[in-house]
Amino acid sequence: MFTFGLFIPSAILPGDTAMFDIPAATMSVTVGQSLTVKDAKLSIVDREQGVAIKELIMQHPEMYKESLSADFHQKIHMSFDIMGSMHEKPIKVHQAFVMLKKKQQEVFFVATPNSENKYTFELDVNSAGKESFGYMSGTYEMGLSLARF
């Protein structure tokens with residue numbers, strides 16, 4: 001367990017009637033354990049046949065430098081384990097989000113665990129193209145956000 005202090009200063013903008021002043025505060029924050037992603041695999045899968053066209057094995061905390069490409073005939077599939085610093089087996093977390101970011105646009109998707117706490121995320125490029133991305137094709141940065149309470 002790690003405990004550190006967090007100072008939140010008081011701030012109010014002059015002439016802003018929608019805001020009210022909150023006094024400065026100091027609070028203690030306790031971090032229970034660190035999390036690590038293990039056995040991460042990213043695949044581009046043919047949407048109709050379910051066959052992986054390209055697969056990448058990723059090692060945390062290294063960043064993959066090469067770009068992957070997927071079109072409306074494909075799905076993006078990701079699977080990974082989350083390991084806690086105090087556990088030998090994969091654990092379940094409170095939140096696991098996959099983020100796709102392009103410039104100022106960020107789109108978040110939920111990664112879900114199975115009965116063995118293996119997390120998966122699947123994105124059908126065809127249906128997400130309209131609903132989540134507004135048909136904005138291009139290069140997106142992919143990230144993972146985890147939280148355990």
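The reply below starts with the strands, turns to the ring pairs and ends with the pocket.

A: The model is predicted: local features require pLDDT of at least 70, side-chain atom pairs count only at pLDDT 80 or more, and totals for chains, interfaces and linings use all residues. Residues are numbered from 1 along each chain as its sequence is written, and side-chain values use heavy atoms, with hydrogens and water left out.

An open, antiparallel sheet consists of 3 strands in the order β7-β6-β10 (strands are DSSP runs of E with at least two residues, helices runs of H or I with at least four, numbered from the N terminus; two strands pair if DSSP finds at least two bridges between them). The edges are held by β7 (105–110) and β10 (141–147); each has a single partner strand, so one side of each lacks a neighbour in the sheet. Strand β6 (residues 95–102) runs antiparallel to β7 and is joined to β7 by 6 bridges. Within this pairing, L100 stands opposite V107 in β7.

Another open, antiparallel sheet has 5 strands, in the order β4-β3-β5-β9-β8. Here β4 and β8 (112–113) are the edge strands, each pairing on one side only. The antiparallel pairing of β3 with β5 extends over 10 bridges, and T36 has M83 in β5 as its bridge partner.

The rings come next. A pair of aromatic rings is described by the distance of the centres and the angle of the planes. The structure contains 5 aromatic pairs (Phe, Tyr or Trp rings, the last by its six-membered ring, with centres within 6.5 Å; planes under 30 degrees apart are stacked, over 60 edge-to-face, the rest tilted). In one of them, the ring centres of F97 and F108 lie 6.4 Å apart and the planes stand at 85°, so the pair is edge-to-face. This pair links distant parts of the chain, since F97 belongs to strand β6 and F108 to strand β7, 11 residues apart. F97 is partly exposed, with a relative accessible area of 26% (buried is under 20%, exposed over 50%, partly exposed in between, for a 1.4 Å probe and protein chains only). F108 is likewise partly exposed, at 44%.

For F109 and F121, the ring centres are 5.6 Å apart and the planes meet at 45°, so this pair is tilted. Distant parts of the chain are again linked: F109 lies in strand β7 and F121 in strand β9 (residues 118–124), 12 residues apart. F109 is buried, its relative accessible area being 16%, and F121 also counts as buried, at 3%. F109 and F121 belong to one aromatic cluster together with F133 and Y140.

Y140 leads on to the largest pocket: Y140, L42, L100, E141 and M142 lie nearest its centre among the 40 lining residues (on a 1 Å grid over the protein atoms alone, a pocket is an open set of points with protein on both sides within 12 Å along at least five of seven lines, a cavity a set where a 1.4 Å probe fits but cannot get out; lining residues have an atom within 4 Å of a point). At least two lining residues come from each of β3 (35–46), β4 (52–58), β5 (74–84), α1 (125–131) and β10. The most are given by β10, which supplies 6 residues.
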